[in-house]
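Morning, everyone. Let me put the structure up, and then we will go through it piece by piece.

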Amino acid sequence: MKQIKWMICYVPLFQKFLACVCHPPNVFTTLTMENVTLVPLTWNWTEPNAVSCARNCLLTYRSCYSFIYSKLTRRCISGSWLIPSHQSRDIHSGDLYTKGAFCGKNFTVKTENGFAACLRVFKNKVNYTSARSHCKDIGAELYTMKSFEKKSILHNEVIAINESVWIGLDDLKTEGRFEWADDGTPLDADMKIKMFTKGEPNNYDDEDCVSYTPSAGLDDRSCSFKKPYVCELKPISLV
Ligand SMILES: [Ca+2]
Ligand SMILES: [Ca+2]
């Protein structure tokens with residue numbers, strides 16, 4: 001009987017662990033790469049479905065990283081766990097999640113304190129509207145940073161180019177009400193204070209689009225300015 005390999009993935013969107021189909025098939029090999037050492041587990045039990053198996057695997061073994069689940073027998077076998085001395089579960093599972101099923105072609109996975117993002121920096125300079133539509137054309141969105149971890153991820157990526165980049169945040173619809181470009185949710189008031197550069201946003205000369213500068217943070221700028229930009233791919237391949 002052919003068994004399907006599953007793994008436990010940290011899904012930043014939902015901020016929790018879920019069962020994911022192992023795809024492409026060699027995703028499992030990332031478990032044994034580099035400095036990760038695995039201890040195989042032999043216990044097994046029955047579960048109604050793979051998600052339930054994933055949940056119980058994590059509840060039973062805090063470091064459970066993989067498992068095999070058979071729909072036919074409902075047999076659930078924990079695959080392996082990390083030796084506790086290695087890095088935390090969040091960081092490694094973020095890597096696993098994104099190296100395999102999550103991060104699309106030409107996007108780079110980055111993790112920070114349990115958060116993961118697939119992003120790609122485009123160095124060609126375009127206005128905000130063009131940047132946004134190009135991200136959409138490739139199945140992505142302009143980068144959003146609804147957490148300080150994602151701000152760190154972006155910072156580490158763009159510091160090398162030493163220029164401000166467009167991100168997915170603007171007050172085009174309603175002046176002063178900044179919304180994330182991916183789902184239209186408003187920027188949290190507290191984050192607005194903490195993420196913008198001092199004195200910004202100032203709507204100087206009717207600025208409605210937001211850029212991020214590694215040395216200074218967020219600033220509202222004229223949408224017609226041409227800047228490099230960052231696209232982000234959202235999670236895929238979830239159970
Ligand atoms: Ca404005
Ligand atoms: Ca400004």
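I will say "buried" a lot, so here is the cut-off: a residue is buried if 20 or more other C-beta atoms lie within 10 Å of its own, and exposed if 12 or fewer do. Keep in mind that this is a predicted model. By that cut-off, 38% of the 239 residues of the protein count as buried.

Now the overall make-up. The protein has 5 helices and 14 strands. Take the contacts between residues at least 6 apart in sequence: 62% of them join residues at least 24 apart.

Helices next. Start with α3, residues 128-137. Which residues of α3 are buried? Tyr128, Ala131, Arg132 and Cys135. Look down the axis of α3: these buried residues fall within an arc of 95 degrees, so they line one face of the helix. An α-helix has 3.6 residues a turn, so residues three or four places apart point the same way. The face away from the buried side carries Ser133 and Asp137, both exposed. After α3 comes Gly139, with a positive phi near 80 degrees.

On to α4, residues 148-158. Its buried residues are Lys150, Lys151, Ile153, Leu154 and Val158. Note the two lysines in that list, Lys150 and Lys151.

Now the strands. β10 covers residues 165-174 and pairs with two others, β12 and β11. Take β12 first, residues 209-213. It runs antiparallel to β10, and 3 bridges join them. Trp166 has Ser211 in β12 as its bridge partner. Then β11, residues 177-180. Again the strands are antiparallel, and again there are 3 bridges to β10. Here Leu169 stands opposite Trp180. What do β10 and β11 form together? A hairpin, with 2 residues between the strands. Gly176 sits in that turn, with a positive phi of about 90 degrees.

Last stop, β14, residues 227-233. Is this strand enclosed or open? 6 of its 7 residues are buried, so β14 is largely enclosed by the rest of the structure. Its antiparallel partner here is β9, residues 141-142, joined to β14 by 2 bridges. Within that pair, Leu142 stands opposite Cys231 of β14.

That is my tour. Over to you.

Note on methods: Residues are numbered from 1 along each chain as its sequence is written. Chains are lettered from A and ligands numbered from 1 in the order in which they are written. This is a predicted model: local features need pLDDT of at least 70, side-chain atom pairs count only at pLDDT 80 or more; totals for chains, interfaces and linings use all residues. Helices (H or I, at least four residues) and strands (E, at least two) are DSSP runs, numbered from the N terminus. The arc is that of the directions from the helix axis to the C-beta atoms. Two strands pair if DSSP finds at least two bridges between them. Two residues are in contact if their C-beta atoms, placed from the backbone, lie within 7 Å.
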